[in-house]
Amino acid sequence: MIESDFITINVGPQHPSTHGGLHAETVLDGEHIVDVKVHLGYVHRSVEKIAESRTYTQFIPYNSRLDYLATHLPAMGYCQAVEKLLGVTVPERAEYIRVIMAELSRIASHMLFIGSLAIDIGATTGLIYCFRDRERIMDMFEMTSGQRLIASYMRIGGIAEDLPEEFYPAVKSFLDDLPYMLDEYNNLLTGNEILQARLKNTGILPADKAIAYGVSGPNLRASGIAYDIRKAEPYSIYERFDFDVPIGSKGDNWDRFLMRIREIEESAKIIRQALQDLPEGEIRAKVPRIIKPEKGAEVYHRIESSKGELGFYIVSDGSEKPYRLHVRAPSFINLGVLPLISRGGKLQDLIANIATLDPVLGEADR
Amino acid sequence: MNWPYIIFYVLAAVTIIAALGVVALPNIVHSALCLVLTFVGVAGIYFYLGADFIGLVQILAYAGAISVLIIFAIMLLLSREVSESNPSHGRGKWKAAIFAELFAFLIILSIYFTSWTHGIAPDWTDSIGKIAYMLMGDYVIAFEVAAVLLLGAVIGAIILARGEDKR
Amino acid sequence: MRGAETFFIDLARLIVTWLEKQGMSPLVADIVLLVIQFICIAAIVTVNIIILIWLERKISGFIQQRLGPNRLGPWGIFQTIADAIKLLTKEDIIPSQTDKIIFRTAPIVFIVISLMLYVVIPFGDGMAIVDLNMGVLYFISVGSLGTIALLMAGWGSNNKWSLLGAMRAVAQMISYEIPLAFSLLGVIMIAGSLKMSDIIAAQNNVWFVFLQPVAFITYFIAATAELNRGPFDMPEAEQELTAGAYTEYSGMRWALFFLAEYTNLFAVSAMAAVMFFGGWQGPWLPSWLWLPIKAYIIMLVFFWLKWTLPRIRMDHLMSFSWKVLIPVTLVNLVVTGCVLQFFK
Amino acid sequence: MYQELKERLLKNWDGKIEINEGKDFFEIITQSEILFTLMEFLKKEFGFNYLANLCGVDYGEKFTMVYHVCRIPENLKVCVKADIPRDNPEIDSLTCLWPAADFQEREVYDLMGIVFKGHPDLKRILLPEDFEGHPLRKDYKAV
């Protein structure tokens with residue numbers, strides 16, 4: 001009997017389907033994956049070190065560059081962490097606007113997920129459709145902050161500026177059109193036989209493994225664990241909104257894909273309620289110009305980002321700069337599960353697995 | 001010397017040179033590709049002789065499928081040199097030479113002693129219909145038996161190649 | 001009207017008689033005519049491909065709600081020509097660790113094989129270059145040689161992605177040749193001939209697509225796989241194998257592969273038109289316009305599929321061929337044979 | 001639940017651990033020697049199945065490892081802190097309890113220079129393998 005050799009190929013860091021500088025060293029037996037090793041650090045910017053030499057306010061824009069696909073979420077998480085450290089209460093209106101922005105970011109990120117998953121498995125057209133719709137969210141970000149991709153709109157104690165007049169009709173028409181957009185995705189992708197064959201029963205992540213590996217966010221919920229920090233430990237004003245936490249059953253790629261489509265609907269629900277209840281008033285709390293939390297104060301604040309549990313651990317030494325700032329990046333920890341779900345699959349499944357884990361390398365490498 | 005002869009000699013030359021390449025080239029993939037060329041050359045000679053059906057089947061089955069499978073197997077083994085891929089390479093060189101010479105001698109003898117007579121060229125305008133009637137008429141049992149035999153060989157090969165259930 | 005119909009045939013006759021008047025023997029004149037025909041085919045193929053590439057980009061743009069090429073010439077029609085010039089003037093890069101001979105010959109082999117397919121295609125009434133007695137068999141067997149070119153490209157590049165792409169190409173093309181040939185057999189059984197002109201003549205009353213719908217569908221699927229087009233574009237698979245067998249190719253060598261793929265695309269579509277849609281037969285227009293029209297309509301479906309569907313997985317692809325397509329085509333053959341026998 | 005946890009913890013490790021309540025997280029301050037057994041206890045006895053976060057802090061004279069452990073989906077939260085001497089920065093790896101620790105411990109090793117005993121593949125993860133120094137230490141001088 002002739003034994004064939006294994007082939008080791010480097011999927012990335014220069015590869016069209018690795019969502020940035022991800023490097024998966026893959027050992028193949030023909031088309032079968034024997035082993036995968038994840039190498040990171042190709043876009044490491046040492047954000048945590050930079051934080052130690054920036055004041056609390058100066059560090060805000062760096063957050064938007066962590067998860068640049070859902071720009072408001074990390075900024076919101078950071079600002080809330082600092083507010084917790086200071087004990088600042090954010091005005092009602094600012095909280096509502098934050099929630100609207102955060103959920104719009106989540107929708108933008110999930111739309112990009114669907115689009116990039118589509119193109120990763122060869123459906124080029126799906127990408128364009130999702131990007132076309134995501135563009136409208138980008139336009140809304142531009143209206144509010146002047147920036148499309150990496151808006152730094154959040155401030156410690158509130159937000160930078162109030163919503164402009166043209167924002168309301170834009171977000172309303174977007175929400176009205178959203179069901180049609182989702183219909184289009186469902187017609188083009190979800191109902192597609194080939195896509196279902198590619199995603200169903202591939203990259204299975206059982207619930208116990210998902211928890212043990214620290215997987216969070218939609219990837220964890222796809223495995224059937226109803227754990228959403230917005231529900232489990234409501235931050236901001238999330239306890240006021242009525243929304244569901246969709247869960248999957250198997251934790252395969254198909255569940256992870258469906259999770260995103262259903263979360264878009266839930267996010268839209270939250271935005272609708274927030275728009276309805278949006279109060280008038282202040283948009284920023286009175287916060288001293290130079291922020292100096294008390295010495296020895298520390299906080300671990302976590303929010304439900306579009307990728308999972310995004311945590312900020314901040315230690316203060318009483319100066320105007322954080323003594324230590326650690327970002328618990330969901331993409332980084334979710335990637336740890338890639339070898340587990342890819343082993344024994346096919347090379348083409350690996351691409352789908354990377355796409356459905358939805359890593360953002362700016363966040364994973366920091 | 002007229003046109004048809006030139007065509008024949010060109011085809012023969014291509015076939016023989018390619019066949020020599022199969023055995024002489026050091027790189028195993030090169031020799032496999034030469035094998036394809038040999039098959040195509042032989043197919044050309046079939047065309048030249050008027051056996052167009054056999055010529056096309058030669059291209060379809062040998063050049064298009066069997067040689068490709070050979071190259072496929074070579075690629076899977078991932079070794080470029082003949083000496084690497086064959087552990088018994090170079091062993092028993094002299095014995096091989098003696099037997100090859102004996103064989104060549106036999107062929108020369110048989111060529112020499114055969115009385116080559118030019119037959120009347122058959123009417124080949126509908127060779128395919130005749131082949132069809134023969135396969136499905138007179139020789140149907142032999143044809144079917146061969147088919148069953150091949151099926152058995154394919155199933156056996158698959159079972160052998162799968163080996164132990166690895167995955 | 002009559003003049004338009006036989007325009008090319010009259011032209012060919014004129015050339016031959018003129019050559020014979022110059023004192024050439026009929027055989028030499030025929031060979032000269034053949035050379036002219038080959039040059040014409042090469043020219044037609046090139047122009048055709050320029051239009052095809054432009055059309056595919058426009059159609060993909062339409063499907064994806066973009067404009068597509070729109071800068072050079074009206075509706076961007078000269079974009080492909082500009083691209084061709086760019087590709088021609090690019091530096092010819094041959095990576096140092098490649099198998100030089102194989103790397104260089106692979107694109108040439110591929111384009112030559114795909115051009116050879118055009119020899120038997122009847123572009124109009126009596127306008128095949130050679131109306132071979134077994135034209136269909138020729139088409140299938142020469143088409144099967146294309147695999148070797150991809151293998152050579154994949155092996156010669158000395159790149160793991162390319163090797164994987166080549167292995168996929170071989171597995172895919174060998175598996176799909178069988179349903180391709182079997183689905184054409186149904187048509188051949190009804191027509192009772194392997195000759196293209198006979199098959200077209202047999203469709204005088206009714207197109208074979210109505211008599212052999214199953215065969216047409218299986219042919220279409222198998223042809224998509226043979227052409228390496230989406231959703232079966234395994235060997236290239238930009239998103240997985242980073243263009244597979246073509247990874248190391250650039251400039252004109254890469255363009256040759258591209259050209260060969262489109263050449264094949266037209267040949268296979270023309271073949272589908274001949275086998276299932278009555279070939280060059282059609283009212284009003286001259287016959288040499290009908291075949292391209294039918295082929296283009298079939299190609300539009302190929303474009304449509306490619307730009308809509310995701311890529312299928314390799315093992316699904318193989319099991320689809322062996323477990324679905326081949327049994328279906330075999331059953332189709334048996335049913336066709338029984339019906340033919342019954343109505344004889 | 002937290003009350004029961006407190007009682008059991010004090011029973012097992014009285015004097016060796018310190019418990020702070022009333023914060024966002026139920027906080028246990030422990031020593032690096034008993035960290036592993038404590039964590040194992042938390043996981044096995046109280047079902048803290050989810051290691052949310054771990055990171056190191058350089059306090060100049062010592063390092064502190066901070067672990068945030070949760071039990072999901074009930075969302076019980078515990079923060080465990082352990083000091084490590086600066087001259088011998090070693091602590092037990094938690095990879096065998098929570099595979100989630102794998103990447104995070106490699107990150108701490110990479111940036112902070114804390115060695116995790118029993119980690120299967122302790123290599124730099126974010127920085128190149130030939131990088132010198134550990135940037136998140138306070139005495140690291142960025143050029």
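A:Asp133 sits in helix α5 (residues 124-145) of chain A, helices and strands here being DSSP runs numbered from the N terminus (H or I, at least four residues, for helices; E, at least two, for strands). This is a predicted model, where local features need pLDDT of at least 70 and side-chain atom pairs count only at pLDDT 80 or more, while totals for chains, interfaces and linings use all residues. Residues are numbered from 1 along each chain as its sequence is written, chains are lettered from A in the order in which they are written, and side-chain values use heavy atoms, with hydrogens and water left out.

**A:Asp133**
- Is A:Asp133 buried or exposed? A:Asp133 counts as buried because its relative accessibility is 3%; the cut-offs are under 20% relative accessible area for buried, over 50% for exposed and partly exposed in between (1.4 Å probe, protein chains only).
- Setting aside neighbours within four places in sequence, A:Asp133 has contacts with A:Met111, A:Phe174, A:Met181 and A:Tyr185, a contact being heavy atoms within 4.5 Å.

**Nonpolar cores**
- The largest nonpolar core runs to 294 residues, and A:Leu104, C:Phe276 and D:Tyr67 have the most contacts inside it. Such a core is a set of buried Ala, Val, Leu, Ile, Met, Phe, Trp, Tyr and Cys residues joined through side-chain atoms within 4.5 Å.
- Helix α8 (residues 160-191) of chain C gives this core its largest share, 16 residues.
- Another core, of five residues, lies apart from it, with C:Ala12, C:Leu19, C:Ala29 and C:Leu33 among them.
- Not counting residues up to four places away in sequence, D:Tyr67 touches a list of residues including D:Leu35, D:Met39, D:Asn53, D:Asp92 and D:Phe116.

**Where chain D meets chain A**
- Chain D puts 39 residues into the contact and chain A puts in 37 residues.
- The two chains bury about 3,200 Å² between them, with 58% of it on carbon and sulfur atoms; buried area is the accessible area (1.4 Å probe) that two parts lose on being put together, summed over both.
- On the chain D side, D:Tyr50, D:Phe103 and D:Leu126 lose the most area to chain A, together 20% of what that side buries.
- There are four salt bridges between chain D and chain A, each a side-chain nitrogen of Lys or Arg within 4 Å of a carboxyl oxygen of Asp or Glu.
- A:Glu233 and D:Lys77 form a salt bridge, their closest N and O atoms 2.9 Å apart.
- β3 (50-58), β4 (62-71), β5 (76-85) and α3 (101-112) of chain D each bring at least two residues to the side that touches chain A, and β3(D) has the largest share, nine residues.
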